[in-house]
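Below are some numbered remarks on the model, for reading alongside the coordinates.

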Amino acid sequence: MNHSFHLVVDNVEKRFDTKQGDFLAIRDINLRVNRGEFVALIGHSGCGKSTLLNLLAGLSLPSNGVLVCAGREVKGPGPDRGVVFQNHSLLPWLTCFDNVYLAVERVFGGKEPKAKLKERTEDALKLVGLSHAIHKHPNEISGGMKQRVGIARALAIEPAVLLLDEPFGALDALTRAHLQDELLRIVAQTKSTVVMVTHDVDEAVLLSDRIVMMTNGPAATIGEILDVKLARPRDRLALAEDANYHHYRKAVVEFLYAKHKKAA
Amino acid sequence: MSNAITLPLVASSNVTERENKRSAHEMFVETAKLTSEETSESRATREAELANKMRRRRERVSSLVHATVPALVGFALFVLAWQFLAQINNQIPSPAKVWAAAVKLFSDPFYSKGPNDQGIGWNILSSLKRVGMGFGLAALIGIPLGFMIGRFTFLNRMTAPIIAILRPVSPLAWLPIGLLVFKAANPAAIWVIFICSIWPMIINTSVGVQRIPQDYLNVARVLNLSEWKIFTKILFPAVLPYMLTGVKLSIGVAWLVIVAAEMLTGGVGIGFWLWDEWNNLVVEHIIVAIFVIGIVGLLLEQLLTRIAARFEFNEKS
């Protein structure tokens, strides 16, 4: 039964050992993601959405429950999952090319000749529209471009799942919109399976097939899951006047601000 | 300390020079353009641009003046105070007398009349050689040790108390141990350099390793990089600036210590020479030695600052 799903989260719970004692961050998380699906995790800050993403990435392990990615239990980080961090996390002493090549070499090195590895790296940077900045260092390019390199690095290793942790959170609104459009194009082109953490309602509705809405922490869990049945390819301008779009948007806003309002 | 004074000076003078060359060329181009036929409006804007450039240039020159004048004034006051002291205490040689002695010493720096009478050049070189050996050994052991202490918490907790106790020990307290073990003055002096200059390298390198941003390590983790790749692609480049700061501190300490060590051990070297001139009561030579020690120390530090600047990477923006 589970084998038909690409990503399975089963009864997952995560506790942290803090100075104030045992802290239950998330509990009873159950989620099934199909191959090629785009899922957004949304919730107020502190709801444990990043905790859940870290569990998927294998950067931390669940206190209870099981996570399965492409038929294999998640027991630690691994290159079958591509992660894009909020703050790009590029190595400043390497060029864009070398940053991506580091990942490519790790996954395909030894199996493929160097020319092929180079080609993969160039292709990944081309996919995110950065062919012109390939030999620049991270400090020579803009924040939006850095995040593109981060996406290129994650996609270059052909992961089973792409995990995005508020990838556009640190960018200005215009750059963010532009990168969202790019991401739509890239995901359509690569047919990637994506799990993305966000706190931006429009971003979630625009990009996702399903929106997983989380209740407030501590002991946060999945409150509702919203199916976004908007046709693809999606166009930002056309959706601005689409009644369905506004319906979905309203559903998320209601969940966040009416049902699970967070005391500021 | 010395960086703070000299570095901006050097940097700003370079910039001004370049700026001058550039703007001179540009002004030539500008005037050439001005002679061709142009509307009065574009001529006005060009003239305004030109005036702007001139103003910027003047600002550069004045900033250079602002940087050098106080230094020169300070130096003049220093010499004046010294002259005054020499006047009231005739045992202290005047600046002119010291200058004359220095000129004489440096006119023949590499003579050799037996082990106890050699040119000042040989003395400086012998001291630098000792510093180089002691410091080199310290780097060879201290830097890898720093990496391991930074990487493994257990090792860190194991070594921290020992380092905390041994680090503040005065350099000369180590000398008898060196003499005891090596039974000779020269290796004992190198030993003292080694033991005193190793701490900043261990400490800075290990702190550098501990301060590597978690983001970089997360990259290593999600990609499952091998330990070798982690070291060459992440640890080493991230730690390099910290490491070089440690090296810079160490070389400063090493140069401080060599003079004291040589005073006690004898042989050839700037510290020994200083002590020898004290025994001969040639005070102007003592003052020359003080300046030589200061200037060589400054040059060593400048050299390492330059090297370190090459490896700085910009994390921001």
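Predicted model: local features only at pLDDT ≥ 70, side-chain atom pairs only at ≥ 80, totals over all residues.

1. Chain B has eleven helices and zero strands. Its pattern along the sequence is accordingly written α-α-α-α-α-α-α-α-α-α-α. Of the 317 residues in chain B, 26% are buried. Taking contacts in chain B between residues at least 6 apart in sequence, 72% join residues at least 24 apart.

2. One helix pair in chain B deserves a look. Helix H4 (residues 120-151) and helix H10 (residues 270-280) of chain B have axes that come within 7 Å and cross at roughly 135 degrees. The two helices, H4(B) and H10(B), are therefore oblique to each other. On H4(B) the contact is made by Asn123(B), Ile124(B) and Ser127(B), and on H10(B) by Ile270(B), Gly271(B) and Trp273(B). By class, the residues of this contact are three nonpolar, three polar and no charged.

3. How many residues of chain A are in contact with chain B? There are 16 residues on chain A, and they meet 16 residues of chain B. Helix H2 of chain A (residues 96-108) gives the most to the chain A side, with three residues. That side of chain A has eleven nonpolar, four polar and one charged residues.

4. Chain A contains an open sheet of six strands, in the order E6-E7-E8-E3-E9-E10, with mixed pairing. Strand E6 (81-84) and strand E10 (222-227) of chain A are the edge strands, each pairing on one side only. From one strand to the next the twist averages 15 degrees. Within the sheet, strand E7 (residues 161-165) and strand E8 (residues 194-198) of chain A run parallel and are joined by four bridges. Asp165(A) has Val197(A) in E8(A) as its bridge partner.

5. Which helices lie across these strands? Helix H4 of chain A (residues 143-156) lies across E6 and E7 of chain A, running at about 175 degrees to E6(A). Helix H8 of chain A (residues 243-259) lies across strand E3 (38-42), strand E9 (210-214) and E10 of chain A, and runs at about 175 degrees to E10(A).

6. Further pairing in chain A involves E1, E4 and E5. E1(A) and strand E4 (residues 64-69) of chain A pair in the antiparallel sense over five bridges, and Val9(A) has Leu67(A) in E4(A) as its bridge partner. E4(A) is in turn joined by two bridges to strand E5 (residues 72-73) of chain A, again running antiparallel. Here Val68(A) has Glu73(A) in E5(A) as its bridge partner. The hairpin of E4(A) and E5(A) has two residues between the strands, and Ala70(A) in this hairpin takes a positive phi near 50 degrees.

7. Most residues other than glycine have a negative phi, and most peptide bonds are trans. Asn11(A), not a glycine, has a positive phi of about 50 degrees; the residue is in strand E1 (residues 7-18) of chain A. Glu166(A), also not a glycine, has a positive phi of about 40 degrees and is found in the loop between E7 and helix H5 (173-190) of chain A.

8. Are these two residues buried or exposed? Asn11(A) is exposed, having 12 other C-beta atoms within 10 Å. Glu166(A) counts as buried, with 20 C-beta neighbours inside 10 Å.

9. The last point concerns a peptide bond. Arg232(A) and Pro233(A) are joined by a cis peptide bond, with omega about -5 degrees. Pro233(A) is found in the loop between E10 and helix H7 (236-239) of chain A.

Technical notes: Residues numbered from 1 in each chain as written. Chains lettered and ligands numbered in written order. Contact = placed C-beta atoms within 7 Å. Nonpolar A, V, L, I, M, F, W, Y, C, P; charged D, E, K, R; others polar. Pairing = 2+ DSSP bridges. Axes fitted to C-alpha atoms, helices over the stretch in contact; angles between N-to-C directions. Parallel < 35°, antiparallel > 145°, perpendicular 65-115°, else oblique.
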